[in-house]
Amino acid sequence: MALSEPNVEPKVTAQSAAAPQREVMYRHTVAVRLTHWINALVLVLLLISGLRLFNYHPALYWGNYGYQGVPSFFSIMALEDIETDEPVGVTSIMGHNFITTGVLGVAYDAQGEPVTGAFPAWLILPGGLALARDVHFAAAWLLVLNGLIYLLFGLFTGHFRRDLLPAGGELHLRHMLADIWHHMRLRRARGAAARRYNLLQKLAYAIVVFGLLPVMVLTGLTMSPAVTAAMPFLFDMFGGRQSARTIHFLVANLLVLFVIVHIIQVVVTGAFNNMRSMITGRYTILPEDKK
Amino acid sequence: MNLITRRSLIVGGSAAAATLASGCDQISDVNVESLRPILDFGQFLSLHAQRLLLAGQPLVREYEEADMSPDFPPNGTERPNGMAYFRHMISNFADFRLIIDGMVKMPLSLTLDEIKAMPLRTQITMHNCDEGWSAIGQWTGVPLAHLLKTAQLMPEARYIVFHCMDEMVRTPDNSGFYYESIDLFDAMHPQTILAYGMNGKALPVAHGAPLRLRVERQVGYKHAKYVTRIEATDRLTHIAGGRGGFWEDRGYQWYAGL
């Protein structure tokens, strides 16, 4: 069962032949479901430990070097208001400063006391730098190993070709516009359309799987002095060591954005059905609307 | 900008690393220790994957003078406390001796001039701090491999330990001095040098005068400053906390290639 083809044998629940039918199809193979949940856990660990690491030097630069004193195009600071002696959180983007007290730079603890730190403590991994490094690197290994299993599976079972590769007709402008319109109305797919990922879904997943996650791994490796000793071309690929760190941070933000949209979509298109399909593999197809 | 340095966190002299490096929040030792096998497994994979990748002992990228960063922030100790170091400073390290002992056939005691008369290597490399910043500087020094060859390393030796002059935490048994260690794989690398020069001048006090380690394929805390003694050994358990370094004894990883 592990590697059986999805979509091949939709189980039809017995109903009278004339009535519109609710079908239950086998949507996600066990390999997809397992790697999905491992990935979900690992991404959470990577995010909270990564933000903890960022807090030790909350500034982003371009090029090979960057340290306190080098102009940064993004930084989060805690300054002191000399009139009130209260700390003020300041986020600086491309030279524009924003007061972000309460969220970035300075947050409030349970007692309402201000605590300085780029990202607030409630959002990030507790503990210090050593633990954050250990968690980040262990989780990164899980991400890579889990990702390799997923990639091998996707290649050899046809998951990528069948489920992620856009079909010929899908790339026509008319179809794409219809798909976008459908998304904007937050309508749940029914009938035949619900059997497959639609175009925007395919593109989103493909960009994450083949674009964002590999970039995260490679920019992460570019920060390693040992790895770049063996693979110095990584510096050239990303424009330098600090550039790689910056890209790592920005792409992490894109992944967070993807996850937010992903969760919204899961909820609006049937939270129970979607969750069940990613846990048990079984997915209910609603009948077509009567016109 | 509110950048936390390790130096400012050590003030309390507390023992647990998790407590050291975070101002207010800490997770209980029980939680962390139950995760330890998984975390160490990640570390195990990193060490062995990187050693495989580096089997041919490639050099890290070296830069041109034009690529150097305008400044190079010192990290950790910027001037060791105590009269012993102060006397070295005012005498310009005239009485300084580098001791090389442990598992060597010919223990050495070298003056700075004797070290400067040895074969030297100058390299412009990137320094990577585990906090996330990086800087590019020029280093001049003697290859560690040359020192170890001169002292005639015994075949049992596996690690090279660097004992430093900066005392990070005051303890009755003097175990709070900075120290670091690397294995022979890194010790014998051509770019692993004991530097006495930086950016064309004598190594400044803030950067570890008179001698500091450059071990280019690892992050900043491995680059021991104020090195006064090099000990060849077959194990690390007999020194201070037994984990191979001041920060390692406080929860940091011994291998820091990333």
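**Strand pairing, helix packing and domains**

Visitor: How many bridges join strand β5 of chain A to β6(A)?
Guide: In this predicted model, strand β5 of chain A covers residues 87–93 and runs antiparallel to β6(A). The number of bridges joining β5 to β6(A) is four.

Visitor: Which are the edge strands of the open sheet in chain A?
Guide: The sheet has four strands in the order β3-β4-β5-β6 (chain A), and their pairing is antiparallel. An edge strand pairs on one side only, and this holds for β3 (59–60) and β6 (96–99) of chain A. The edge strands are therefore β3 and β6.

Visitor: Are α5(A) and α8(A) roughly parallel or roughly antiparallel to each other?
Guide: Helix α5 spans residues 199–222 of chain A and helix α8 residues 241–268; their axes come within 9 Å and cross at roughly 150°. The crossing of α5(A) and α8(A) is left-handed. Angles over 145 degrees count as roughly antiparallel, so the relation of α5(A) to α8(A) is roughly antiparallel.

Visitor: How many residues of the contact of α5(A) with α8(A) are nonpolar?
Guide: From α5(A) the contact draws on residues including A:Val208, A:Leu212 and A:Met216, and from α8(A) on residues including A:Ile247, A:Leu255 and A:Phe258. Apart from the nonpolar residues, the contact has four polar and one charged. The nonpolar residues number 12.

Visitor: What distance separates the centres of domain 1 and domain 2 of chain B?
Guide: The domain assignment places domain 1 of chain B at 27–56 and domain 2 at 60–250. Taken over C-alpha atoms, the separation of the two centres is 25 Å.

Key. Residues numbered from 1 in each chain as written. Chains lettered and ligands numbered in written order. Predicted model: local features only at pLDDT ≥ 70, side-chain atom pairs only at ≥ 80, totals over all residues. Domains from an automatic or database assignment. Pairing = 2+ DSSP bridges. Helix = DSSP H or I, 4+ residues; strand = E, 2+ residues; numbered from the N terminus. Axes fitted to C-alpha atoms, helices over the stretch in contact; angles between N-to-C directions. Parallel < 35°, antiparallel > 145°, perpendicular 65-115°, else oblique. Left-handed = near helix turned anticlockwise from the far one by under 90°. Contact = placed C-beta atoms within 7 Å. Nonpolar A, V, L, I, M, F, W, Y, C, P; charged D, E, K, R; others polar.
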